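Dear colleague,

Please find the structure below.

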There are 2 protein chains.
Amino acid sequence: MPGDSSGMRLRERVARNLRRLRQEKSLSQEELADRADINRNYVGMLEREENAATVDMLEKLAAVLEVDPVELLRRDKD
Amino acid sequence: MPGDSSGMRLRERVARNLRRLRQEKSLSQEELADRADINRNYVGMLEREENAATVDMLEKLAAVLEVDPVELLRRDKD
């Protein structure tokens, strides 16, 4: 495995950003999933880092959260 | 489908950034795939927008390309 210069694994970044942005919108995991038209279990799996999101999913989630998709991949301390 | 405020679909962003960063490293699609320890056809599929990259794949590719993974999702004109 190449060195992880980012200091945090990417699934963890997605999980943290997703939870934060979702809570800022006062949405439950299920509400976010419904609005993004994705499986209801999927958001929880991403927030638990059990699944690797695809860019298609990131695009749908970002649209509902009204952010650019890059926001879902950012480090905490940017 | 929610409005795409980004102006460009995310697969297209990944395809363009991946090709540009790969060429800056003077790597073929196959060389990049080998170094990232992923399937040899996968890089070509991403550059042709035939597949939706997962964050695990973005992480591996970014490590070889020596960029932060967010660079693969950026718009052209940032």
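A cavity here is a set of points, on a 1 Å grid over the protein atoms alone, where a 1.4 Å probe fits but cannot get out; lining residues have an atom within 4 Å of a point. Grid points are joined across faces, edges and corners, and a volume is the space filled by probe spheres set on the points.

This is a predicted model, in which local features need pLDDT of at least 70 and side-chain atom pairs count only at pLDDT 80 or more, while totals for chains, interfaces and linings use all residues. Residues are numbered from 1 along each chain as its sequence is written, chains are lettered from A and ligands numbered from 1 in the order in which they are written, and side-chain values use heavy atoms, with hydrogens and water left out.

The structure holds one cavity of 30 Å³ or more, and the volume of the largest cavity is about 30 Å³. Its lining includes A:Val55 as well as B:Arg11, B:Val14 and B:Leu46. By class, that lining has five nonpolar residues (Ala, Val, Leu, Ile, Met, Phe, Trp, Tyr, Cys and Pro), two charged (Asp, Glu, Lys and Arg) and one polar (the others, Gly among them).

Chain A and chain B each give 24 residues to the contact (heavy atoms within 4.5 Å). Between them they bury about 2100 Å², 63% of it on carbon and sulfur atoms; buried area is the accessible area (1.4 Å probe) that two parts lose on being put together, summed over both. B:Leu10, B:Val55 and B:Glu59 supply 28% of what chain B buries against chain A, more than any other three residues.

A:Arg22 lies in helix α1 (residues 10–24) of chain A and A:Glu47 in helix α3 (residues 42–47), so the pair ties together parts that are 25 residues apart in sequence; helices are DSSP runs (H or I, at least four residues), numbered from the N terminus. Between chain B and chain A there are six salt bridges. B:Asp56 forms one with A:Arg11, at 2.5 Å between the closest N and O atoms.

Regards

Methods. Salt bridge = Lys/Arg side-chain N within 4 Å of Asp/Glu carboxyl O. 1 Å grid on protein atoms, 1.4 Å probe; cavity = no way out; pocket = protein on both sides within 12 Å on 5 of 7 lines; lining within 4 Å. Helix = DSSP H or I, 4+ residues; strand = E, 2+ residues; numbered from the N terminus.
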